[in-house]
Amino acid sequence: MLWKGGRRSDNVEDRRGMGVARGAKVGVGTIILALVAMYFGVDPSVILNQGALEPTTAQVSPAGPRAAGEDPLADFVAVVLADTEDVWREQFQRLGKTYREPRLVLFSGAVQSACGFAEAAMGPFYCPGDQKVYIDLSFYRDLKERHQAPGDFAQAYVIAHEIGHHVQTQLGISEKVQRRSRQVGKTEANQLSVRQELQADCLAGVWAFHAHRNRQILEEGDIEEALNAASAIGDDRLQQQGRGYVTPDSFTHGSSAQRVEWFRRGIKSGSLEQCNTFQTAAL
């Protein structure tokens, strides 16, 4: 991926090395994070138990500012975020809307968000409560080693997927899904979650289409890297790896094949209209 020399976003918060206060109660936000943890094959009890701990604050000094080039992986994240800002600002203008840029928070070990307390083990996530994306950069090591999905464009796909959730929030899609999910049973709510996640995959593809059109970022093999990452974190593969069997009714993010298919639709078309997972019978 040709990312060096690209604009770095100013919407990055570096909280690495900062202490975190843990909440004393398990709230709705913590439960949401537990569900996200399941997506990455993490036992959700890890999140729920941490959310119920008594408040403590680690006395660690916050990391100081870093110059460009001093922290290549953080620079990479900032450039990808800037690319998403440019693409979605343009796409929202086309719709007659204004894109409000999210913040991206770098953290190490654990973090407190408007959705609750989260540990790095659960992977990157988007919190609609504060409209921020959270990522511990050590996840990229897990993506390469545990999920066998190396490559810088695979890493970019992860960020673009979470930004896809922000796009859904801005367009009012997330609110509609949440409202409907409260009115139906668990199985149907899971199906709604799958459709929302697959749409975020498609939106990640839309970003890649326009980012390459605008800045020629893609190199040979990059699309395969992203498709491999999408496949590696499908619900079926994670469940098989984690417990040895698969239960489709419990899927919340979609199978490997579905995730690959919807990312491919986005990157081939570059069209928001091709990402309406809620209006198709077959995913």
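Predicted model: local features only at pLDDT ≥ 70, side-chain atom pairs only at ≥ 80, totals over all residues.
Colour by secondary structure and you'll get 10 helices and 6 strands. Colour by burial instead, and 50% of the 283 residues count as buried.

**Stop 1: H3 against H7**

Select residues 72-94 for helix H3 and residues 186-215 for helix H7; they pack with their axes 9 Å apart, at an angle of about 95 degrees. Angles of 65 to 115 degrees count as roughly perpendicular, and H3 and H7 are therefore roughly perpendicular to each other. Now show side chains where the two helices meet. On the H3 side, pick Val-79, Val-80, Asp-83, Thr-84, Val-87, Trp-88, Glu-90 and Gln-91. On the H7 side, the contact is made by Leu-203, Val-206, Trp-207, His-210, Ala-211, Arg-213, Asn-214 and Arg-215. Colour that contact by residue type and you'll see 8 nonpolar, 4 polar and 4 charged residues.

**Stop 2: aromatic pairs**

There are 6 aromatic pairs in the structure; we'll visit a couple. Go to Trp-3 and Phe-76 first: the ring centres are 5.4 Å apart and the planes sit at 85 degrees, so this pair is edge-to-face. Trp-3 belongs to the segment before strand E1 (12-14) while Phe-76 is in helix H3, so the pair ties together parts 73 residues apart in sequence. Trp-3 and Phe-76 are both buried.

Next, select Phe-153 and Trp-207. This aromatic pair is stacked, with 20 degrees between the planes and 6.0 Å centre to centre. Phe-153 comes from helix H5 (residues 152-170) and Trp-207 from helix H7, so parts 54 residues apart in sequence are tied together here. Phe-153 is buried, as is Trp-207.

**Stop 3**

Select residues 256-269, helix H10, and find Ser-256 in it. Is Ser-256 buried or exposed? Buried, with a relative accessible area of 9%; the cut-off for buried is under 20%. Leaving aside residues up to four places away in sequence, Ser-256 touches Ala-230, Ser-231, Gly-234, Asp-236 and Arg-237.

Finish by displaying Trp-262 and Arg-265. The charged end of Arg-265 sits over the Trp-262 ring, 4.0 Å from the ring's centre.

Definitions and conventions. Residues numbered from 1 in each chain as written. Heavy atoms only, no water. Axes fitted to C-alpha atoms, helices over the stretch in contact; angles between N-to-C directions. Helix = DSSP H or I, 4+ residues; strand = E, 2+ residues; numbered from the N terminus. Parallel < 35°, antiparallel > 145°, perpendicular 65-115°, else oblique. Contact = heavy atoms within 4.5 Å. Nonpolar A, V, L, I, M, F, W, Y, C, P; charged D, E, K, R; others polar. Phe/Tyr/Trp six-rings, centres within 6.5 Å; stacked < 30°, edge-to-face > 60°. Buried < 20%, exposed > 50% of the residue type's maximum accessible area, 1.4 Å probe, protein only. Lys NZ or Arg CZ within 6 Å of the ring centre and 35° of its normal.
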